[in-house]
Amino acid sequence: MLYNPVNNSTLALYHTAAQTQQASVYASWCELKEVEQPPTVTTASLFLDYAGMWLCMPNQPRPYQPSDADLLRRAAVGSAGSELAKACGGNLQGQRVLDACAGFGSDGLLLTQFGARVTFVERDRLIWVLLHARVQHLENSTAICDEAFNVLTAAAHPADNWDVVLLDPMFAPSAKKALPDLGLQYLRELTEPAAASADDLSGLVAAAQHRCRGRVVLKRRLKDPLLDRVAFQIKGKSVRFDVYLGTA
Ligand SMILES: C[S@@+](CC[C@H](N)C(=O)[O-])C[C@H]1O[C@@H](n2cnc3c(N)ncnc32)[C@H](O)[C@@H]1O
């Protein structure tokens, strides 16, 4: 399902001959081009081969793909990923989770490892294609290209409310010298124009609370200011999870 993508410029999806059929799934949203190997690009583009969907960035010698191996490490007990699961309520088996700022989907995918059924929402079309290709084989999970606020304020039956809503908008740029991991660096580069028009975080949390019967979890940097109404926080080494109670 695709609604109102933010990134409306022409998006190139390069693919090998063997992946022609798989690439055609994205024909409505991308210009498809057959190639033998990852192209050198001047604008961010996509490349599909036997190993899945890749992101090609200008001036980067190799394409990038988010790593599933990192996910398994994060799902291990006692790791940073378990703090996210704890913030979401601990027992996630069968829970309906909305990952409303999904990016490459790593946090939501982590929650599927704990048994959650996750709907991923991403507003940038290029990022959404990478996300969709990554999660399409999961049972009980979907990836929607839309603005989170639209999904949260759409008319819905009470049965369609969420047990958990996870909000992880981009952090504001910081003066810190250390670079985030490559995936986050690319997400930042790709979303900079949209991030410049500051999101109404408080409004997003309120909309999420309205459609959630359990917890709304907002990922923040440790030193970010606190919004009001927070029920409690779970702190990790570099991020914290602010938990708000749903009102649905
Ligand atoms: C920090 S990244 C999310 C990373 C993600 N948690 C992961 O594990 O890969 C933020 C992403 O949310 C998207 N985003 C931010 N605000 C959004 C909104 N209001 N609606 C939909 N997507 C949003 C951005 O385009 C970006 O891809």
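Biologist: Before we start, how are residues numbered, and which pLDDT do local features need?
Modeller: Residues are numbered from 1 along each chain as its sequence is written. In this predicted model, side-chain atom pairs count only at pLDDT 80 or more, totals for chains, interfaces and linings use all residues, and local features need pLDDT of at least 70.

Biologist: Which strands are at the edges of the sheet of seven strands?
Modeller: Strands are DSSP runs (E, at least two residues; helices are H or I, at least four), numbered from the N terminus. Two strands pair if DSSP finds at least two bridges between them. This open, mixed sheet has the order β7-β6-β5-β8-β9-β11-β10. Each edge strand has a single partner, so one side is left without a neighbour in the sheet: these are β7 (142–145) and β10 (232–235).

Biologist: Nice! In β6, which residue is the bridge partner of L98?
Modeller: Strand β5 (residues 96–99) pairs with β6 in the parallel sense, over four bridges. In β6, the partner of L98 is T119.

Biologist: How many charged residues are in the shell around the ligand?
Modeller: A residue counts as near if its C-beta atom, placed from the backbone, lies within 6 Å, and 21 residues surround the ligand. Asp, Glu, Lys and Arg count as charged; Ala, Val, Leu, Ile, Met, Phe, Trp, Tyr, Cys and Pro as nonpolar; the others, Gly among them, as polar. The shell has ten nonpolar residues, four polar ones, and charged residues numbering seven.
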